[in-house]
Amino acid sequence: MAQKKHQKHAKLAKPNLGFFGRQEWAIIGTPCGSIQQLAYTITQNLAPTYQVSYVDADHQSADGPAITKKTAIHLGASVEYTDKITHHRFESNSQLDTYQFRQFFNESDLVLVNGNHFQAKRQIVVIDPKKEKSLAKKLDRLTDVGLILMAEAADRIPDYLRPHLPNLSTIPTLNLSDTEKIIDFVRQSLVDNLPPLYGLVLAGGKSQRMGQNKGLIDYHGKPQREYMADLLSTVCKQTFLSVRTSQGEISDYPFLEDTFSGLGPFGAIASAFRQAPNAAWLVVACDLPLLNQATLKTLVDARNASAVATAFNSPVTEFPEPLICIWEPKSYPVLLQFLTQGYSCPRKVLINSNVHLLDAPDPKSLMNVNRPEEREEVQKILKFIPL
């Protein structure tokens, strides 16, 4: 009897992940010691700015011992994984595959991989006569070559390799000894692949304390949610209004309905990532009538994509402010981890995560307006303070 094909149950937008993380490079085609040396050099130079991780295998079971007793962790890596053949370092004897690896490397900005042993989404190919036969057996791993490195003894790209380099004329070629240029190439790839910034105005609350829809109050000559969306549009590639499914109003901006119902702002943020998991989301509550472009620009200019989020310290609570915050794509799995543990407070996620915090240049711009008396106070302020 033929085995039934597994059917997917829901069509979900998938993040652009590789075997280990979002941005990963396999270095392949030269002895493992050379790969490790190059990976460690890149790590040491990029670790002060980015979270770099390294994936390797036990060299005693491969082609010789590691070239150094140091580890990637000693050189600044955030995660180092070594397949020890009989077990795994991070000390686990469970079987690991892509789905488990992605959890471990979620917060990594860059994963460097020994391509002699593992696959990765993109590849750096070293042309090295010493490993030519080995590379010829691994041609199926060359799916997206972004850089070619010529070892000292190499004088040309082998003919057998050319069919696997369809864009050869556009692939940069460097000498393996050009360390600084290699580091610059990898650094630029991180810059070029910075997640785009989308805007999300939280306008789906019930406004029970205000007694009317806070998103429709007019502070600036238009509904507040439209004013906030206009502000976000000055710094975001796309801007959406987060709403409940039952609201049904009309807007010039696209609606993004809650698909994690009953979770308040947490559900709105998760719903945004469910729709666009490869974007960073600048999330702003609609009830911030004093928020101005200068404050918003301060947040965007200070964005640290290596962190889970970039947020202001709340001048009221002195905790991170989750509702004027840039949530990076790596925060989506973190949010879901907290949800599985029974927590739906986005501030708790920020307090317990790697977050880049800063002080607002104008603390009153973060003032929430939830009650009629607060609305009256703000309307008086607005008469004297142009935004």
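Tutor: A residue is called buried when its relative accessible area is under 20%, exposed when that area is over 50%, and partly exposed in between, using a 1.4 Å probe and protein chains only. The model is predicted, so local features need pLDDT of at least 70 and side-chain atom pairs count only at pLDDT 80 or more, whereas totals for chains, interfaces and linings use all residues. Residues are numbered from 1 along each chain as its sequence is written, and side-chain values use heavy atoms, with hydrogens and water left out.

The part in question is the loop between β7 (145-150) and β8 (173-175), where Ala153 is placed. Helices (H or I, at least four residues) and strands (E, at least two) are DSSP runs, numbered from the N terminus. Ala153 has a relative accessible area of 61% and therefore counts as exposed. Where contact means heavy atoms within 4.5 Å, Pro158 touches Ile127 and Glu132, not counting residues up to four places away in sequence.

A further loop, between β13 (309-313) and β14 (320-327), holds Glu318. Glu318 is not a glycine, yet has a positive phi of about 65 degrees. With a relative accessibility of 65%, Glu318 counts as exposed.

The strands supply buried counterparts. Ile324, in strand β14, is buried because its relative accessible area is 1%. Leaving aside neighbours within four places in sequence, its contacts include Val283, Val284, Leu288, Leu299, Phe312 and Leu366. Of these, Leu288 is 36 residues away in sequence and 9.2 Å away in space, C-alpha to C-alpha. Val111 belongs to strand β5 (residues 110-114), and its 1% relative accessibility means that Val111 is buried. Beyond four places in sequence, Val111 touches Phe20, Gly21, Gln23, Glu24, Trp25, Ser53, Val55 and Phe105. Gln23 is 88 residues from Val111 in sequence, with 6.3 Å between their C-alpha atoms.

Two packed helices are described by the angle between their axes and the distance between the axes. Axes are lines fitted to C-alpha atoms, for helices over the stretch in contact, and angles between N-to-C directions run from 0 to 180 degrees. The axes of α1 (residues 32-46) and α4 (residues 179-192) lie 10 Å apart, at an angle of about 60 degrees. That makes α1 oblique to α4, since angles under 35 degrees count as roughly parallel, over 145 as roughly antiparallel, 65 to 115 as roughly perpendicular and the rest as oblique. The crossing of α1 and α4 is right-handed; a crossing is left-handed if the near helix is turned anticlockwise from the far one by less than a right angle, and right-handed if clockwise. From α1, Leu38, Thr41, Ile42, Asn45 and Leu46 meet Thr179, Ile182, Ile183, Val186, Arg187 and Leu190 of α4. This contact has 7 nonpolar, 3 polar and 1 charged residues, where Ala, Val, Leu, Ile, Met, Phe, Trp, Tyr, Cys and Pro count as nonpolar, Asp, Glu, Lys and Arg as charged, and the others, Gly among them, as polar.

Helices α6 (residues 264-275) and α8 (residues 331-340) have axes that come within 10 Å and cross at roughly 135 degrees, which means that α6 is oblique to α8. Their crossing is left-handed. In α6, Phe266, Ile269, Ala270, Phe273 and Arg274 meet Ser331, Tyr332, Leu335 and Leu339 of α8, a set with 7 nonpolar, 1 polar and 1 charged residues.

Helix α5 (residues 224-233) is mostly covered, 8 of its 10 residues being buried. Those buried residues pack against β9 (197-202), β10 (238-243), β11 (255-257), β12 (280-285) and α7 (293-301).

For the chain as a whole, the secondary structure comes to 10 helices and 15 strands, and 50% of the 387 residues count as buried.
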